[in-house]
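Here is a short briefing on one protein model. Please look over the sequence and the structure first.

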Amino acid sequence: MILSKSTFNKGIIIPSLLFIIGVCLLAVFFPTLTVNILDTIKQFIFVNLNWVYVWAVTLFVIFLVYLMFSKFGNIKLGSNDSKPEYSFFSWISMLFAAGMGIGLMYFSVAEPMQHFSTEAFAGNHYINRAKNAQLYTFFHWGIHAWAIYGVVGLALSYFAYRYRLPLSLRSCFYPLLKNKINGKWGNAIDVFALCSTFFGITTTLGFGVVQVNAGLQTLGLVPDNNFTYQIMIVGVLTLLAVLSATSGVDKGVKILSNINILTVIILLLFVLFLGPTVYLIGSFTEGIGNYVNNFFSLTFDTHVYDEATLPWFYNWTILYWAWWISWSPYVGLFIAKISKGRTIREFIAAVLIIPTIFNFIWMSVFGNSAMWFDINIAKGALSSLADNPDALMFRFLDYLPLSEIVSYLVILIIIIFFVTSADSGIFVMNSIATKNAPKSPKWQMVFWGALLAILALMLLNTGGLQALQTMTLITALPFSIIMLLFCVSLVKALTIDRSYYERDLSVSTVPWSGEFWKDRLQQIVSFKSRESVDEFMRSTVKAAFEDLQAEFKENGIESKIHESDKPNRIAIEIRHDLINNFIYGVKNQFKVVSDYVVEEENLPDIADKKTYFPKSYFGDAREGYDIQYFTKNELISDVLKHYERFLEIISEEKNEMFISSNANKNLR
């Protein structure tokens with residue numbers, strides 16, 4: 001009875017829950033077998049199809065940069081007069097917290113230290129290893145990562161707010177699938193997005209709990225990394241996330257995101273000014289230059305010539321690209337939810353540049369501080385913990401003043417980061433499962449939170465979390481192809497959008513006066529058949545050409561009239577020996593009428609989806625136009641305008657190469 005009162009869409013929720021619960025139960029009861037099978041699949045993809053990830057991510061970056069600087073950049077994500085719903089600061093805070101969140105705390109020290117101490121670069125001097133560590137950390141957390149999120153977020157925002165379609169991944173295929181997005185194809189896309197989002201948040205919850213537990217253990221608040229304490233942590237975190245999600249984006253998510261970004265900045269400034277400040281500023285400056293100089297080589301580098309670094313490449317760069325792609329349905333949906341009213345240029349610039357710069361500053365301050373401490377003070381103690389990222393952050397803080405107080409702050413930030421990721425994730429999952437229903441009962445938010453908590457705890461207890469993470473990475477391959485189709489769909493829609501708002505008045509309306517307004521109106525609101533256009537060409541076009549032919553002859557100019565039945569066309573031609581022939585023709589053309597027009601009651605009936613019209617064409621292959629509203633005299637005037645243009649062009653010496661008689665062709 002409860003489910004019947006819900007806003008869940010059965011075509012999405014039932015297959016999604018079956019797949020989610022099925023995969024999780026396999027990971028719980030057969031963790032080793034499931035991990036082995038999924039890891040084999042993942043390794044095959046990473047080793048043999050890593051180029052798919054490299055090319056896909058590269059194309060996403062190129063695509064967004066092109067849109068940002070193109071004529072499409074001024075198009076708004078919404079109606080032309082729409083305004084942003086959130087202040088710039090709140091907008092950036094929310095997309096940042098949802099996009100990177102807890103990963104910044106988990107990897108800010110761990111990743112640079114792992115690159116610094118990896119065997120792949122063991123032969124290098126420690127200075128080069130430190131530079132490489134910063135460079136690859138920038139690469140993995142920079143523009144490429146945010147381009148992945150940006151593609152999904154932009155496509156969703158555009159089709160939801162510009163086309164007024166549901167805020168759903170299926171809507172991104174509208175230019176390609178049209179109304180089929182409302183059927184099984186659309187459901188399949190949303191099921192994929194829901195499962196991917198659930199798996200990503202569940203694994204994040206699991207790893208986040210382990211790091212919080214490690215921090216509490218370091219501070220002596222809990223005796224060990226016990227499952228009992230993990231149950232309590234999961235319970236508290238999930239409860240906070242559900243409370244935030246049920247309060248809505250405008251309250252819980254927004255407030256927590258703003259608080260989090262402020263606490264993060266406080267922590268950042270603390271480490272910057274109480275750590276090796278001059279070294280950090282210098283290394284950040286040099287790191288930016290190193291990143292810019294190596295941007296293209298990093299982008300296309302597949303390490304194929306350096307086999308010793310291939311395992312590192314698979315386990316870092318390719319894993320990161322797969323991880324960001326697998327998270328993009330969730331992050332993209334949330335970014336789209338908060339981005340209405342922004343222009344495409346503003347959206348891309350903010351999503352690509354602002355979080356990237358902050359990530360670079362953050363990773364430089366924490367990562368370079370850790371490496372500096374490891375070399376100059378800790379004497380290798382931190383690099384020896386590189387494989388234990390759960391505790392590494394807190395061990396790093398021991399080398400700073402007020403380490404215990406700062407550790408409490410770090411735990412608080414991790415908790416808020418998780419809650420902001422989880423509450424927006426719960427919100428997004430419910431949005432997908434309900435096809436973006438406007439109002440859902442609050443118990444549905446509780447349902448998603450409870451499901452996340454139960455399955456995450458089961459996986460933590462049995463060691464099946466790695467299987468779920470691997471499953472998430474595997475789903476990234478097909479979704480990368482889906483994202484490329486998003487780009488195709490978006491370009492097609494943007495081209496139509498731009499054409500719609502830039503389209504000028506029809507050429508055929510230029511000579512109009514108010515003399516024949518009743519006849520014009522009747523012509524405008526009626527759809528033409530092939531026969532009616534054929535009759536227009538016989539009665540108006542041919543008569544106009546015959547009058548012209550007679551008048552040309554009076555002026556000593558020979559012309560010919562050509563007619564053809566299949567397809568129906570008629571033309572007047574003036575032949576020349578040394579220069580191109582002058583040709584003005586009219587042909588019977590058709591265009592397909594939109595389904596909306598066919599079904600619209602407040603428009604004249606149309607029996608066929610095709611409507612016909614007479615279109616002009618010329619001997620020099622210029623594009624013609626619709627002449628259906630011309631009277632005979634207006635058509636004669638139009639021919640003479642083109643003839644005057646023709647004479648003007650052939651009289652200019654600079655145009656000799658274009659008017660040679662070699663270009664003359666028989667009239668087709």
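Leaving aside neighbours within four places in sequence, which residues is Lys42 in contact with? They are Thr470, Leu473 and Ile474, where contact means heavy atoms within 4.5 Å.

This is a predicted model, in which local features need pLDDT of at least 70, side-chain atom pairs count only at pLDDT 80 or more, and totals for chains, interfaces and linings use all residues. Residues are numbered from 1 along each chain as its sequence is written, and side-chain values use heavy atoms, with hydrogens and water left out.

**Overall build**

- The protein has 25 helices and four strands. Both are DSSP runs numbered from the N terminus: helices are H or I with at least four residues, strands are E with at least two.
- Of the 668 residues, 54% are buried. Buried means under 20% relative accessible area, exposed over 50%, and partly exposed in between (1.4 Å probe, protein chains only).
- Take the contacts between residues at least 6 apart in sequence: 78% of them join residues at least 24 apart.
- The accessible surface is about 30700 Å², and carbon and sulfur atoms hold 61% of that. Areas come from the Shrake-Rupley method with a 1.4 Å probe; for residues, only the protein chains shown count as cover.

- Lys42 sits in helix H2 (residues 31-48). Lys42 counts as buried because its relative accessibility is 9%.
- Ile354 belongs to helix H16 (residues 344-376). Its relative accessible area is 32%, so Ile354 is partly exposed.
- Not counting residues up to four places away in sequence, Ile354 touches Phe88, Ile92 and Ala349.
- Ile354 and Gly142 are 212 residues apart in sequence, yet 10.0 Å apart in space, C-alpha to C-alpha.
- Helix H17 (residues 389-397) is mostly covered, with eight of its nine residues buried. Among them are Asp390, Met393, Phe394 and Phe396.

**Cavities: the count**

- Rolling a probe the size of a water molecule over the atoms shows where empty space is left.
- How many cavities of 30 Å³ or more does the structure hold? There are two.
- A cavity is a set of points, on a 1 Å grid over the protein atoms alone, where a 1.4 Å probe fits but cannot get out; lining residues have an atom within 4 Å of a point.
- Grid points are joined across faces, edges and corners, and a volume is the space filled by probe spheres set on the points.

**Largest cavity**

- Its volume is about 40 Å³.
- The lining is made of Leu167, Leu333, Lys337, Phe427, Val428, Ser431 and Asn436. Helix H15 (310-337) and helix H18 (403-433) are the elements that give two or more residues to it.
- H18 gives the most, with three residues.
- By class, this lining has four nonpolar, two polar and one charged residues. Ala, Val, Leu, Ile, Met, Phe, Trp, Tyr, Cys and Pro count as nonpolar, Asp, Glu, Lys and Arg as charged, and the others, Gly among them, as polar.

**Second largest cavity**

- This cavity holds about 30 Å³.
- Its lining residues are Leu205, Thr238, Ala241, Phe418, Ala422, Ile426 and Leu452.
- Helix H11 (227-246) and H18 each supply at least two of the lining residues. H18 gives the most here, with three.
- The lining divides into six nonpolar, one polar and no charged residues.

Technical notes
On a 1 Å grid over the protein atoms alone, a cavity is a set of points where a 1.4 Å probe fits but cannot get out, and a pocket is an open set with protein on both sides within 12 Å along at least five of seven lines; lining residues have an atom within 4 Å of a point.
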